[in-house]
Amino acid sequence: MRWRRSAAAALLAAATGCAVMPPPDYSGYRAHLPRSILVLPPLNETTDVTAPYDYLATISRPLAEAGYYVFPVAVIDAFLKENGLPTAGEMHAVSLARVREVVGADAVLYVTIEDWGQKYRIISSDTVVKGRAHLVDVGTGETIWTGTIFAQQSSSAGQTDPLAMLIAALITQVVSSATDPAHDLASTANGVMVFDRDRGLLLGPRHPGSVSDLRGR
Amino acid sequence: MVADPEPVNVRRAAALTSLVGAVLASGCGPGPVYHWGHYEPLVYEMYAHPGKAEPAQQIDELTEDIATAQSKNRPVPPGVHAHLGYMHLQQGNAMAAREQFEIEKRLFPESTVFMDRLLSQMTAQ
């Protein structure tokens, strides 16, 4: 319960954490704006075994709400496993020609999880989710976008930001069944990654705002 | 029809727009487009707590979600019909699976290649 209340603080941390770098060049992305995105299970550099599920179960929503067709993540995972690719590493190594032939995706979102879960301190505990993402155009093999998954929250954080709360209400809905604090945070971090005005994804063709999204034009 | 090319200063101003402004101005409106229901929590459950989201339960919840979406006149998100079809397949109900894969295809033509792949794999088995 406490996690939910401090979600806004976490979102604020996530939003400010990526304001340092210059805005990316969206021209290549714009030129190859995908209609559909294949989300593959993430590579996991951490020892947190639930991290891939936290990510996979919270990424479809922001991508779809941003205007893209998102292939069913669990069906894709099962399908690839049934077809001889038991690990995320093997799935990431599949050629784009094969992706196009078998799945028909316009772009693939590759994610590597770098840091995930709760860190216990003397008087508080921090939860962090951190990863890197890149979106590849299936037709050309070009990386059309790179992004960062990041959100952090401290058990002692009492601050709330009204704007951050508004965003949280708009683009992320905290999943009530979760008992894993990193899961709620993943939802926030994925939402911020997708919708960040300066570094996020372009609005996809299914989004009514896509035609007026000026980035990369 | 074609948007005017944007002057650099406009683009820069746009880049400075806050996250809030972006979401509000992008035409999202207040709240999501799709009726998400239990789809993502079920994906989480089936991985995090195997056995707690058996196909039969998933079929019940997703079928209910789809009915709710229809009653609220909200679209079903990408992947939900495909996921439901896959759960029917797990239950050995090929006819129901086929039906859901076809619906996914009709609602989201972007899924055609993959849905056809699933359908042809079913036929082969």
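# Salt bridges, buried residues and a core

Biologist: In this predicted model, which residue forms a salt bridge with E110(B)?

Modeller: Look at the closest N and O atoms of the pair, which are 2.7 Å apart. A salt bridge needs such atoms within 4 Å. The partner of E110(B) is R206(A).

Biologist: Where do E110(B) and R206(A) lie, and what does the pair join?

Modeller: E110(B) sits in the loop between α6 and α7 (112–124) of chain B. R206(A) belongs to the segment after α10 of chain A. So the pair joins two chains.

Biologist: Is E110(B) buried or exposed?

Modeller: The cut-off for buried is under 20% relative accessible area. E110(B) has a relative accessible area of 9%. R206(A), its partner, is partly exposed at 35%. E110(B) itself is buried.

Biologist: Which side chain of opposite charge is nearest to E104(B)?

Modeller: E104(B) is found in helix α6 (residues 94–107) of chain B. E104(B) is buried yet has no salt bridge.

Biologist: Which residue has its backbone nitrogen 3.1 Å from a polar atom of the E104(B) side chain?

Modeller: Start with the contacts of E104(B) beyond four places in sequence. They include Y69(A), P78(B), H81(B), A82(B) and M115(B). One of them has its backbone nitrogen 3.1 Å from a polar atom of the E104(B) side chain. That residue is A82(B).

Biologist: How many helices and how many strands are there in chain B?

Modeller: Read along the sequence, the pattern is α-α-α-α-α-α-α. That gives seven helices and zero strands.

Biologist: What share of the residues in chain B is buried?

Modeller: Chain B has 125 residues. Its accessible surface comes to about 6600 Å², with 57% of this belonging to carbon and sulfur atoms. Among contacts with a separation of 6 or more, 53% come from residues 24 or more positions apart. The buried share of the residues is 44%.

Biologist: How many residues apart are D116(B) and K105(B)?

Modeller: Their side chains meet in a salt bridge at 2.5 Å, N to O. D116(B) is in helix α7 and K105(B) in helix α6, so name the helices when you describe the pair: it links distant parts of the chain. D116(B) is partly exposed at 32%, and K105(B) is partly exposed at 21%. The two are eleven residues apart.

Biologist: What is the phi of N73(B)?

Modeller: Most residues other than glycine have a negative phi. N73(B) is not a glycine, yet its phi is positive. N73(B) is found in the loop between α4 (55–71) and α5 (80–90) of chain B, and it is exposed at 71% relative accessibility. Its phi is about 60°.

Biologist: How many residues apart in sequence are the parts that E45(A) and R132(A) tie together?

Modeller: The side chains of E45(A) and R132(A) meet in a salt bridge of 2.9 Å, N to O. E45(A) lies in the loop between β2 (43–44) and α4 (51–56) of chain A. R132(A) lies in strand β5 (residues 125–137) of chain A. The parts they tie together are 87 residues apart.

Biologist: Which residues have the most contacts inside the largest nonpolar core?

Modeller: Nonpolar side chains tend to be buried together in soluble globular proteins. Here the largest nonpolar core has 83 residues. Y55(A), in helix α4 of chain A, is buried at 0% relative accessibility. The residues with the most contacts inside this core are Y55(A) and L109(A).

Biologist: What distance separates the C-alpha atoms of Y55(A) and V111(A)?

Modeller: The two are 56 residues apart along the chain. Even so, V111(A) is among the contacts of Y55(A), as are L109(A), W116(A) and N190(A). Their C-alpha atoms are separated by 9.1 Å.

Biologist: Which residue has a side chain joined to that of N190(A) by a polar contact?

Modeller: N190(A) lies in helix α10 (residues 181–195) of chain A, and it is buried at 1% relative accessibility. Beyond four places in sequence, N190(A) is in contact with Y55(A), T58(A), I59(A), P62(A) and I149(A). One of these side chains makes a polar contact of 2.8 Å with N190(A). That residue is T58(A).

Note on methods:
Residues numbered from 1 in each chain as written. Chains lettered and ligands numbered in written order. Predicted model: local features only at pLDDT ≥ 70, side-chain atom pairs only at ≥ 80, totals over all residues. Heavy atoms only, no water. Helix = DSSP H or I, 4+ residues; strand = E, 2+ residues; numbered from the N terminus. Buried < 20%, exposed > 50% of the residue type's maximum accessible area, 1.4 Å probe, protein only. Polar contact = N/O pair within 3.5 Å; in protein donor to acceptor, adjacent residues only side chain to side chain. Contact = heavy atoms within 4.5 Å. Core = buried A, V, L, I, M, F, W, Y, C linked by side-chain atoms within 4.5 Å. Areas by Shrake-Rupley, 256 points an atom, 1.4 Å probe, with all protein chains shown as cover. Lys, Arg positive; Asp, Glu negative; His and termini not counted.
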